[in-house]
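Please keep the sequence and the structure in view while reading.

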Amino acid sequence: MSSDPTTTPVSPEVERQVDSADSTLHNPRSAVVALGSNLGNRLDTLQGAIDALEDTPGVRIKSVSAVFETEGVGGPENQPNYFNAVLVLRTTLPPHSLLERANAVEDAFGRVREVRWGARTLDVDILAYEGVELDAPELTLPHPRAHERAFVLAPWLDADPDAEIPGHGSVADLLRRVGEEGVQRRKDVSLHLPE
Ligand SMILES: Nc1ncnc2c1ncn2[C@@H]1O[C@H](COP(=O)(O)OP(=O)(O)OP(=O)(O)O)[C@@H](O)[C@H]1O
Ligand SMILES: Nc1nc2c(c(=O)[nH]1)N=C(CO)CN2
């Protein structure tokens, strides 16, 4: 019998049937996540975010881009440069659960939401989630501004040279169109998967 008084015990066979009807448990999807930081120790923060995401049940990081140092786009003038990176994941979490986890990781690194596009210790955005298009304020997929941002496209191309943004084209073409001004690959630093 289950020791949890809020649950009605079910047989292992029923549990198996319920699990097999939940296709998300068996079908990890590909998702792409952008990381950005322009306050504090930017490299440690991005590495901490990678470790926290990899530590999430239902999330496996498959590819980590190089680190790009980028000039702030939008928001207040003279904000410090960002470190940006992109991760390709396989995940069994549905999109909204992945967003919740992304927000929790931002909060864990002391993110305070004040000025739009203002400086932040950590920003975690979902760029794309395999086969999903959404147009809600709390979650828009693919990310509505990814295709026009060199600070997203350059690391995305590095993490996945064949990436496509549904409705916009290949990341390689989009980056050629947008140009790479204000975006520099930092060859002296790197991020890694947790050991
Ligand atoms: N694809 C997405 N990834 C992350 N957040 C999203 C996405 N689509 C919508 N949102 C919503 O956007 C809200 C604002 O996010 P945030 O404060 O990180 O914006 P921002 O990173 O400053 O700006 P931008 O959205 O232009 O990158 C979040 O509360 C979130 O619910
Ligand atoms: N260079 C750079 N500029 C930004 C960034 C970012 O990550 N890098 N994020 C923003 C809001 O998501 C706004 N502007």
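In which helix is A52 found? A52 is found in helix α2, which spans residues 42-54. Helices here are DSSP runs of H or I with at least four residues, strands are DSSP runs of E with at least two, and both are numbered from the N terminus.

The model is predicted: local features need pLDDT of at least 70, side-chain atom pairs count only at pLDDT 80 or more, and totals for chains, interfaces and linings use all residues. Residues are numbered from 1 along each chain as its sequence is written, and chains are lettered from A and ligands numbered from 1 in the order in which they are written.

**The chain as a whole**

The protein chain has five helices and 10 strands. Of its 195 residues, 33% are buried. A residue is buried if 20 or more other C-beta atoms lie within 10 Å of its own, exposed if 12 or fewer, and partly exposed in between, with C-beta atoms placed from the backbone. Two residues are in contact if their C-beta atoms, placed from the backbone, lie within 7 Å. Among contacts between residues at least 6 apart in sequence, 70% join residues at least 24 apart.

**Single residues**

A52 is buried, with 20 other C-beta atoms within 10 Å. Leaving aside residues up to four places away in sequence, A52 touches V105 and A108. A52 and V105 are 53 residues apart in sequence, and their C-alpha atoms are 6.8 Å apart in space.

The loop between β7 and α4 holds both R149 and P142. R149 is buried, with 22 other C-beta atoms within 10 Å. Its C-alpha is 9.3 Å from that of E180, a residue 31 places away in sequence. The peptide bond from L141 to P142 is cis, with omega near -10°.

N78 lies in the loop between β3 (68-70) and β4 (82-91). Although N78 is not a glycine, it has a positive phi of about 60°. N78 is exposed, with 6 other C-beta atoms within 10 Å.

N41 is found in the loop between β1 (29-37) and α2. N41 is exposed, with 12 other C-beta atoms within 10 Å. Its C-alpha and that of D55, 14 residues apart along the chain, are separated by 21 Å.

Why is helix α4 largely enclosed by the rest of the structure? Eight of the 10 residues of α4 (residues 150-159) are buried, so the helix is largely enclosed. The buried residues are A150, F151, V152, L153, A154, P155, W156 and A159.

Two packed helices are described by the angle between their axes and the distance between the axes. The axes of α4 and α5 (residues 171-178) come within 9 Å and cross at roughly 140°. That makes α4 oblique to α5. Axes are lines fitted to C-alpha atoms, for helices over the stretch in contact, and angles run from 0 to 180 degrees between N-to-C directions. Angles under 35 degrees count as roughly parallel, over 145 as roughly antiparallel, 65 to 115 as roughly perpendicular and the rest as oblique.

From α4, the contact is made by A150, L153, A154, W156 and L157, and from α5 by V171, A172, L174, L175 and V178. By class, this contact has 10 nonpolar, no polar and no charged residues. Ala, Val, Leu, Ile, Met, Phe, Trp, Tyr, Cys and Pro count as nonpolar, Asp, Glu, Lys and Arg as charged, and the others, Gly among them, as polar.

**Ligand surroundings**

A residue belongs to a ligand's surroundings if its C-beta atom, placed from the backbone, lies within 6 Å of the ligand. Around ligand 1 there are 12 residues, the closest being D125, I126, E138, T140 and H143. β5 (123-129) and β7 (139-141) each supply at least two residues of this shell. Ligand 2 is also surrounded by 12 residues, and the closest are G36, T70, V73, Y82 and F151.

| Shell | Nonpolar | Polar | Charged |
|---|---|---|---|
| Ligand 1 | five residues | two residues | five residues |
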